[in-house]
Amino acid sequence: MKSLKLSIAHFSDRTDAVREEIRSFIRQEKENGTFEPKCDSWLSGYSPEFSRKLASRGWIGMTWPKRYGGQERSAIDRYVITEELLAAGSPVAAHWIADRQTGPLLLRYGTEQQKEYFLPKIAKGESYFAIGLSEPNAGSDLAAVSLKATKVDNGWILNGSKIWTSGAHFAHYMITLCRTSPLNPENRHEGMSQLITDLSAPGITIRPILLMTGEHHFNEVLFEDVFVPVNMLVGQEGNGWKQGMAELAYERSGPERFLSTFPLLEELVNTIRLKGDVYLMSQVSSIASNLWTLRNMSMGIAQMLEENKTPDLAAALVKDLGTQLETQVAELARLLVSSENMTVSDQFEKLKLEALLHSPGFTLRGGTTEILRMIVSKGVIGK
């Protein structure tokens, strides 16, 4: 990157070598015209070919045991690979959810059969997963989940729906939070389980929900008498809430929560540098300092997750602060450049529009701001 680098912290020589390796790969892919940088590339940058290239270099599932297709690399090595891909706006959406949270979930709670079957496919960039949490009548209140799983011989029958399901139209499977026992009004978190659902199964209908850009990312997924085999239960029956919250810690704490608009931030810095305006550059300095803080917080959570800790409070805080920063980048780009009547590149305009049109979703996906702050407040009061 020309002007705004992420390699500020001191890492080991090995980790620095990993960073140079991934940067060289990205640079070559750009030169070959494989992709153009995008904001929100971990959501809208779908490229199975690019995912397979990463997999061939051991960059998917890289912290997992070798017997499951992983490389047994450190969490920091993975973090470096992840942030460089995001900073470059690389098309990583295909494998993103499977690598980020499905794999770790299965390693922690899955059966040996599930690990042996799914993890090597994910690590090869051949199997993609979606997240089945939100529902039309539940929203951010996951305790109100009503998708019903009725036990039958050798499995369950699913009826109900999920909504805002990222990438369900190209994913092969979905980790589906459902009710395997009736709702208990006294404890709404009881009776939930997680099932691995084959999205090509009879009875599943996937309806697109288009973004304002016209892009297809979100979906509504309908289940009508969908059979799920008994061996597709993740963890313990009735333990779905606890497992789901552990899974959300992976979703909320990663660098994608503050690097989605990094390609735009880099273009903004380059534009201001060309103008030579010290005042305008000072306006982006606060974002740079906040970015540095969030990065260190996020790396700390990555280490906690590697130690099998569940940092719900810290993850919620990073997600809340990170999505605020993403929105600030988009707004700053709009306000500063338009007010100064600058000449900007087509790439800057493209990234600015992407960021602005995607920004309403920043504080919704992965948990609304209100839900996250409730988690933080309860955690602080509880201590």
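Biologist: What should I know before reading the values?

Modeller: The model is predicted, local features need pLDDT of at least 70, side-chain atom pairs count only at pLDDT 80 or more, and totals for chains, interfaces and linings use all residues. Residues are numbered from 1 along each chain as its sequence is written, and side-chain values use heavy atoms, with hydrogens and water left out.

Biologist: What makes E215 and K38 a salt bridge?

Modeller: The term needs a side-chain nitrogen of Lys or Arg within 4 Å of a carboxyl oxygen of Asp or Glu. The closest N and O atoms of E215 and K38 are 3.3 Å apart, so the pair qualifies. The two lie 177 residues apart, E215 in the loop between β6 (204–210) and β7 (216–229), K38 in the loop between α1 (13–31) and α2 (41–44). Helices (H or I, at least four residues) and strands (E, at least two) are DSSP runs, numbered from the N terminus.

Biologist: How many salt bridges does the structure hold?

Modeller: There are 15. Another one pairs E256 with R100, with closest N and O atoms 2.6 Å apart. That pair links helix α8 (residues 256–259) to helix α5, 156 residues apart.

Biologist: Why is E256 called buried?

Modeller: Buried means under 20% relative accessible area, exposed over 50%, partly exposed in between (1.4 Å probe, protein chains only). E256 has 1%, so E256 is buried. R100 has 7%, so R100 is buried too.

Biologist: Which residues are joined into one network?

Modeller: R19, R23, E83, E84 and R295 are, through salt bridges that share partners. Within it, R295 and E83 meet at 2.6 Å, N to O. R295 sits in helix α10 (residues 278–306) and E83 in helix α4 (residues 75–87), 212 residues apart. Both are buried.

Biologist: Why is L353 called partly exposed?

Modeller: Its relative accessible area is 47%, so L353 falls in the middle class. L353 is in helix α12 (residues 346–358). With M212 and L357, L353 forms a nonpolar surface patch of about 300 Å² accessible area together.

Biologist: Why are α5 and α7 called oblique?

Modeller: Angles under 35 degrees count as roughly parallel, over 145 as roughly antiparallel, 65 to 115 as roughly perpendicular and the rest as oblique. The axes of α5 (residues 93–109) and α7 (residues 240–253) cross at roughly 140° and come within 9 Å. The pair is therefore oblique.

Key. Patches are made of residues with over 30% relative accessible area and no salt bridge: like charges are joined within 9 Å, nonpolar side chains (Val, Leu, Ile, Met, Phe, Trp, Tyr) within 5 Å. Accessible areas come from the Shrake-Rupley method with a 1.4 Å probe; for residues, only the protein chains shown count as cover. Axes are lines fitted to C-alpha atoms, for helices over the stretch in contact, and angles run from 0 to 180 degrees between N-to-C directions.
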